[in-house]
Amino acid sequence: MSAREHVIVTGGAGFVGSHLVEELVRRRYSVTVLDDLSNSSRENLRSVIDRVKLRVVDISNKSWISKTPPASVVFHLACHPRSFSFMNPQRDVTVNLVGSVHVLEYARRNDSRVVFSSNSGIYGPCRLAKENNPVSCLTPYDVDKYSTELMMRAYNNQYGIKSTVFRFATIYGPRQRVNEKYGWRPVVATFATRLLMNRPVTIFGDGLQTRDLVFVKDVPDALLRSIHHEGDFDIFNLSTGRETRVIDVFRMVSRSVGVKTSPRYGPPMPGEIRRMSYSNAMIRRKLGWRPTTSVEEGIRLTVEAIGKQIGERRGGSVR
């Protein structure tokens with residue numbers, strides 16, 4: 001792909017999307033961001049805002065399709081989060097499935113490749129799940145993500161739309177924020193934010209449930225490798241292949257913050273997955289990608305970034 005080629009990032013002002021947009025700009029792509037800013041922020045794009053086009057749109061409203069110039073690739077990251085999909089399953093369907101159909105219709109009109117951020121949670125509880133494992137959806141979010149995968153395969157079969165599906169493990173890192181309004185409490189960001197603000201931490205469940213933690217800075221490289229891949233339709237786990245217990249996440253965050261404390265415990269959350277462990281053999285073999293940031297280092301960098309963010313809001317240092 002040539003320099004200044006046009007690409008679209010849906011959800012590009014969000015946590016993962018903004019890191020991807022920065023890398024696209026660094027590699028000299030022309031980038032249009034589509035985002036409704038419901039769980040994201042212009043602030044996430046401050047380092048590149050003068051070099052991208054940001055359009056505040058809801059992808060579930062199909063009017064954007066005809067108003068958006070052709071792009072060679074659509075990186076589709078916009079979504080209604082898993083953690084509150086049971087609270088409003090209708091909205092989850094509207095954004096995560098109907099919005100994805102609109103992305104595919106755009107791709108059909110413009111012969112675009114689609115790179116889609118799906119969810120490893122569709123496997124349900126698992127031990128080192130591979131891409132051909134059975135699916136066991138536990139939430140409306142999981143159902144809609146998997147339904148989008150099926151829709152993408154149908155568009156590939158019918159229209160030849162080239163697509164790559166990445167089933168994200170638990171992504172964490174700088175710019176991930178707790179959003180209490182929507183009940184969005186990602187594990188690393190929640191622990192770090194509360195400990196940095198001298199507040200108690202509650203683990204929902206016994207703390208022995210596991211996560212496969214991928215540092216956000218490692219994600220753009222995987223997504224960008226896919227646009228040079230020769231396959232017409234591929235599914236990859238974007239994971240480390242390593243399980244980390246939630247209680248151990250708490251301990252690593254505590255050490256990074258510099259406090260000695262114990263968590264409280266509460267009942268498991270609806271749709272809680274007991275074990276998250278996903279093989280990354282396929283993505284390593286086909287795309288040559290592997291994570292480069294250890295969990296310990298990633299948590300240290302995340303705590304540092306959240307501490308700086310809290311300090312900026314308070315107008316001083318944290319702790």
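I take an axis to be a line fitted to C-alpha atoms, for helices over the stretch in contact, with angles running from 0 to 180 degrees between N-to-C directions. Helices are DSSP runs (H or I, at least four residues) numbered from the N terminus.

Before starting I noted that this is a predicted model, in which local features need pLDDT of at least 70 and side-chain atom pairs count only at pLDDT 80 or more, while totals for chains, interfaces and linings use all residues. Residues are numbered from 1 along each chain as its sequence is written, and side-chain values use heavy atoms, leaving out hydrogens and water.

**Entry 1: α5 and α7.** I looked up helix α5 (residues 187-196) and helix α7 (residues 246-257), which pack at an angle of about 40° with their axes 10 Å apart. The two are therefore oblique to each other; angles under 35 degrees count as roughly parallel, over 145 as roughly antiparallel, 65 to 115 as roughly perpendicular and the rest as oblique. Their crossing is right-handed, a term used when the near helix is turned clockwise from the far one by less than a right angle. The contact (heavy atoms within 4.5 Å) includes Phe191 and Leu195 of α5 and Phe250 and Val253 of α7. I sorted the residues of this contact into eleven nonpolar, one polar and no charged, where Ala, Val, Leu, Ile, Met, Phe, Trp, Tyr, Cys and Pro count as nonpolar, Asp, Glu, Lys and Arg as charged, and the others, Gly among them, as polar.

**Entry 2: α3 and α4.** Next I found that the axes of helix α3 (residues 89-110) and helix α4 (residues 140-159) come within 9 Å and cross at roughly 20°, which makes α3 roughly parallel to α4. This crossing is right-handed, and among the residues that make the contact are Leu97 and Leu104 of α3 and Met151 and Tyr155 of α4. The contact of α3 with α4 has eleven nonpolar, four polar and four charged residues.

**Entry 3: α1 and α6.** I then turned to α1 and helix α6 (residues 219-226), whose axes lie 9 Å apart at an angle of about 65°. In α1, Val16, His19, Leu20, Glu23 and Leu24 meet Val219, Pro220, Leu223 and Leu224 in α6, and by class I noted seven nonpolar, one polar and one charged.
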